[in-house]
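Hi everyone, thanks for coming. Let me put the structure up, and then we'll walk through a few parts of it together.

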Amino acid sequence: LPRMVMMTYQLPESITHITDKGEFDEFDLNVFFSSVGEYENSKFKYENEVQKWLNLIRGSEFETVYDSLKLGVSKPVLPFSDVRLLNVLNHTFWFLPSVSSCYAMKNLLEQPQNVFFHEYEVLVVAGKKVGVGVRSLEPVREGMGNPLKTKSITLSCGKLTTGVTVKPWSGLFMLRNTTSPETYFQTAFRVQSPWTISSSDKDSPNKQEILKRECYVFDFSPNRALRLITDYSCRLNVGESNPESKVDEFIKFLPVLCFDGSSMRQINSQEVLDFGMVGTSGSQLAKKFESARLVHVDDITLKRLQGNIEAMEALMRIEGFRSLNSDLEKIINKSEKIKKLKREPTEGDDTNKQKKEISQEEKEQKSLRKQIQEKLQ
């Protein structure tokens with residue numbers, strides 16, 4: 001069997017803000033990929049956001065979507081961006097919420113801006129147009145042709161998730177909600193079928209050449225995915241009472257890489273349980289507290305801080321904040337000066353002189369802000 005890896009991604013708020021509701025007040029994939037219309041007329045309700053998601057899995061627009069990258073964070077491994085994955089993901093299975101959303105995805109992938117996906121044969125296996133059970137497998141096999149020479153994306157909302165094997169599938173995109181661990185993993189393990197061909201070596205004609213050494217499950221709702229891993233692994237071994245060792249055993253067979261918006265790494269059983277119980281891991285929470293984005297040093301915040309005598313006194317008792325009052329005064333005065341300089345129009349040489357002065361003031365002010373931000377952090 002190929003080695004299976006699960007990759008989960010915490011999507012940025014700029015994409016998920018439209019669906020932050022539901023049982024756990026978290027990102028809802030069914031809402032995100034909801035659609036209107038039928039077949040050729042199907043369209044996503046949140047088409048702009050789904051387009052951003054398509055750009056994201058290709059690695060484009062990453063810098064604009066994740067502003068944490070400004071803090072010097074490197075890109076995670078993205079499905080259609082990283083060369084190691086691109087070589088493997090020629091045939092993938094996308095599990096969507098409804099027949100309409102399958103057609104909406106096909107329609108969106110075929111739009112001119114998604115030229116990258118045009119080299120993939122998009123196969124919709126959903127709705128009455130497709131046969132029932134094993135018959136629904138025929139259009140996939142026909143659409144793939146010779147899988148060694150083609151690329152395909154199969155879209156489904158229920159068909160082909162049980163009892164069938166499509167050897168070339170090497171990646172599954174879990175794009176719908178499910179609270180049942182059985183349904184989730186039954187679908188996930190679809191892609192773990194072995195794929196071999198007879199060797200072309202004349203000396204050993206019976207030897208099999210392995211074409212699929214690795215396969216992947218991509219999930220964009222980490223809390224849900226890790227909660228299901230916790231549930232599933234705890235049900236597998238009823239003789240073991242310690243949930244951590246149950247999860248540990250399970251993730252040896254299915255390693256989990258998690259991107260939390262700042263870094264991507266393999267997580268251990270304790271972190272899986274943390275996620276399952278509280279929706280984030282202890283180390284990720286600590287990382288978030290270290291984020292410079294939590295420490296605002298804009299003029300409004302600094303003025304409020306200056307106006308809070310108790311907070312000022314408490315801070316000024318700390319080494320490094322002795323001169324906090326005068327530092328805040330400098331920043332606020334420089335803001336006023338910059339505004340004033342920008343309001344007063346000048347001509348000729350005076351304009352260049354004024355631009356230099358504004359630039360100098362802004363540089364000094366930025367440096368002071370950064371110092372205060374770092375100290376507060």
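A polar contact here is a pair of N or O atoms within 3.5 Å; within protein, one must be able to donate a hydrogen and the other to accept it, and residues adjacent in sequence count only if both atoms are side-chain atoms. This is a predicted model, so local features need pLDDT of at least 70 and side-chain atom pairs count only at pLDDT 80 or more, while totals for chains, interfaces and linings use all residues. Residues are numbered from 1 along each chain as its sequence is written, and side-chain values use heavy atoms, leaving out hydrogens and water.

Let's start with helix 13, residues 299-307. Helices are DSSP runs of H or I, at least four residues, and strands are runs of E, at least two, numbered from the N terminus. At the start of helix 13, a side-chain oxygen of D298 comes to within 3.3 Å of the backbone nitrogen of I300.

Which residues of helix 13 are buried? They are D299, L302 and L305, where buried means under 20% relative accessible area and exposed over 50%, with partly exposed in between (1.4 Å probe, protein chains only). Viewed down the axis of helix 13, the buried residues fall within an arc of 125°, taken from the directions from the axis to the C-beta atoms, so they line one face of the helix. On the other side, I300, R304 and G307 are exposed.
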